[in-house]
Amino acid sequence: MSNWLQISLFVVVDLLGLAVVLVVVLKSQKNIKKRGSSTNQLSEQAIKENVARIFNDAFREELRNRGRLHFEKIISENAMFLQQDLQLTTSQLNESLKNEVTKNLQTEFKKYEQSLEDARQLAVSAIEKTNQAIDKEREVLSNEIQKQIDLEKKQVLDNFEQHLASIVNHYVLMAIGNQIDLNDQLQFIVADLEKNKEAIKEDVNHGA
Amino acid sequence: MEPKKLILPLSIVTTTDIELVLNEINDLKEYLLQMKIKSPDTEIKLPHTSKSLNNLLELNNLDLTNINQVDWLKKSIETLIIKAPIVHIGFSVEPNLLLLEKLVDWFRHNIDSSLLLTIGLQPIIGAGITLRTPNKFFDLSLKNHFNNLIPDLVKLIKEVN
């Protein structure tokens with residue numbers, strides 16, 4: 001903004017210089033007028049000639065050249081200032097843009113990190129719940145399997161003991177059965193018959 | 001004087017025994033008839049008869065020379081074979097006659113006086129008997145006794161373990 005102010009100042013200064021020249025010319029014309037009527041005699045032609053003499057083509061060309069040079073100088077300086085200012089502004093803009101982008105990126109990254117953290121927490125929570133459910137299920141299954149194993153073990157043991165008892169019975173029967181004389185068995189046989197006497201009698205007399 | 005009901009001796013134990021006696025009576029009756037035809041005036045000499053038949057005749061006061069008594073005896077035995085109650089007894093070994101007589105004595109005193117037995121062998125029972133009446137089965141064997149003791153035996157085995 002200061003460069004633009006300087007350019008404007010230079011333009012104003014040049015315009016003031018031109019205005020001073022015009023004021024001098026007008027004053028000289030006024031002075032001529034003030035010289036009275038005599039001067040009135042000076043024809044406008046003379047004034048025009050003076051003016052034309054002062055502001056001849058060379059002078060105008062010189063003024064134009066000086067103005068052009070001065071204007072070019074001002075333009076060049078202003079261009080330089082403008083370039084510097086533009087570079088500075090560009091640099092500041094870049095910096096600002098960079099900062100803004102960085103800030104936005106950081107904000108977005110924070111949001112992203114927060115989202116990731118939330119997702120991670122959610123996933124961890126879900127995994128923990130799943131693990132708890134699996135542990136619980138595994139415990140139930142383990143208890144059930146253990147129960148089945150115990151039951152099967154008990155059944156096998158019972159079968160073994162039952163078979164062992166049958167084997168012992170069979171062995172005893174084979175070992176002593178043939179060694180017992182029937183006459184010795186008679187009293188036991190009769191005792192058993194006495195125990196079942198009524199049932200035998202009932203079936204023999206009324207069962208047929 | 002004919003007895004009203006046939007009394008069986010202890011020597012007749014099984015259905016086979018009574019059927020043998022019946023066959024013997026039939027033969028004897030045939031013999032008596034032949035002898036009567038052949039020489040009606042001579043005294044009939046009776047053939048040798050089995051112990052079972054002798055006991056049966058003695059117990060029932062029967063005379064073989066009396067054809068009427070023989071006819072009655074034959075008819076009574078035939079009726080007995082059809083109607084007498086029969087029980088089957090299984091032994092682990094072949095029983096002797098004395099044991100069978102004692103058993104049939106118990107049955108005829110306590111169950112029915114005309115009861116007959118059929119005898120079978122079941123070596124697996126070890127000792128004791130199995131008894132099969134018309135509708136029931138009584139396992140009075142040592143094997144059954146041991147089987148009833150299996151829970152106690154299992155208990156003992158568990159205590160040992």
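Good morning. I begin with a term: a polar contact is a pair of N or O atoms within 3.5 Å, and within protein one of the two must be able to donate a hydrogen and the other to accept it. With that rule, seven residue pairs are found in polar contact across the interface of chain B and chain A, both residues having pLDDT 80 or more. The model before you is predicted, and every value I give is computed from it.

Let me stay with the interface. On the side of chain B, 39 residues are in contact with 33 residues of chain A. The size of an interface is often given as the accessible area lost when the parts come together. Here the area buried between chain B and chain A is about 3200 Å², and carbon and sulfur atoms give 70% of that area. Which three residues supply more than any others of the area that chain B buries against chain A? They are B:W106, B:I111 and B:F146, which supply 18% of that area.

How many salt bridges are counted between chain B and chain A? The count is zero. As for the elements involved, those giving two or more residues to the side of chain B that touches chain A are the strands β1 (86-91), β3 and β4 (137-141), together with the helices α4 (97-110), α5 (142-148) and α6 (150-160), all of chain B. Of these, α4(B) provides the largest share, six residues. Sorted by class, that side of chain B has 25 nonpolar residues, eight polar residues and six charged residues.

I turn now to one residue within chain B. B:T130 lies in strand β3, which spans residues 128-132 of chain B. Is B:T130 buried or exposed? Its relative accessibility is 4%, and the limit for a buried residue is under 20%, so B:T130 counts as buried. The side chain of B:T130 makes a polar contact with the side chain of B:Q122, at 2.5 Å. Leaving aside residues up to four places away in sequence, B:T130 touches B:H88, B:I89, B:G90, B:Q122, B:I125, B:F137, B:F138, B:D139 and B:L140.

Next, a helix of chain B. Helix α2 covers residues 51-59, and its buried residues are B:S52, B:L53, B:L56 and B:L57. Viewed down the axis of α2(B), these buried residues fall within an arc of 130°, and therefore they line one face of the helix. The face turned away from that buried side carries the exposed residues B:K51 and B:E58. What covers the buried residues of α2(B)? The cover includes α1 (15-38) and α3 (67-83) of chain B. After α2(B) comes B:N61, whose phi is positive, near 55°.

Helix α3 of chain B also contains B:I67. At 32% relative accessibility, B:I67 counts as partly exposed. In sequence B:I67 and B:L33 are 34 residues apart, while their C-alpha atoms are 8.8 Å apart in space.

Finally, the salt bridges. Side chains of opposite charge can pair when their charged atoms come close. Over all chains, the structure holds seven salt bridges, and I shall describe some of them.

In chain B, the side chains of B:K74 and B:E78 meet in a salt bridge, with 4.0 Å from N to O. The two residues are four apart in helix α3 of chain B, so about one helical turn separates them. B:K74 is partly exposed at 21% relative accessibility, and B:E78 is likewise partly exposed, with a relative accessible area of 33%.

In chain A, a salt bridge joins the side chains of A:R64 and A:E61, at 2.8 Å from N to O. Both belong to helix α4 of chain A, residues 57-176, and because they are three residues apart there, about one helical turn lies between them. A:R64 is partly exposed, with a relative accessible area of 44%, and A:E61 is partly exposed at 34% relative accessibility.

Helix α4 of chain A holds A:D135 and A:R138 as well, three residues apart and separated by about one helical turn. A:D135 forms a salt bridge with A:R138, and their closest N and O atoms are 2.9 Å apart. Here A:D135 counts as partly exposed at 37% relative accessibility, whereas A:R138 is exposed, with a relative accessible area of 54%.

That concludes my presentation. Thank you for your attention.

How values were computed: Residues numbered from 1 in each chain as written. Chains lettered and ligands numbered in written order. Heavy atoms only, no water. Buried < 20%, exposed > 50% of the residue type's maximum accessible area, 1.4 Å probe, protein only. Contact = heavy atoms within 4.5 Å. Arc of directions from axis to C-beta. Buried area = accessible area lost by both parts, 1.4 Å probe. Nonpolar A, V, L, I, M, F, W, Y, C, P; charged D, E, K, R; others polar.
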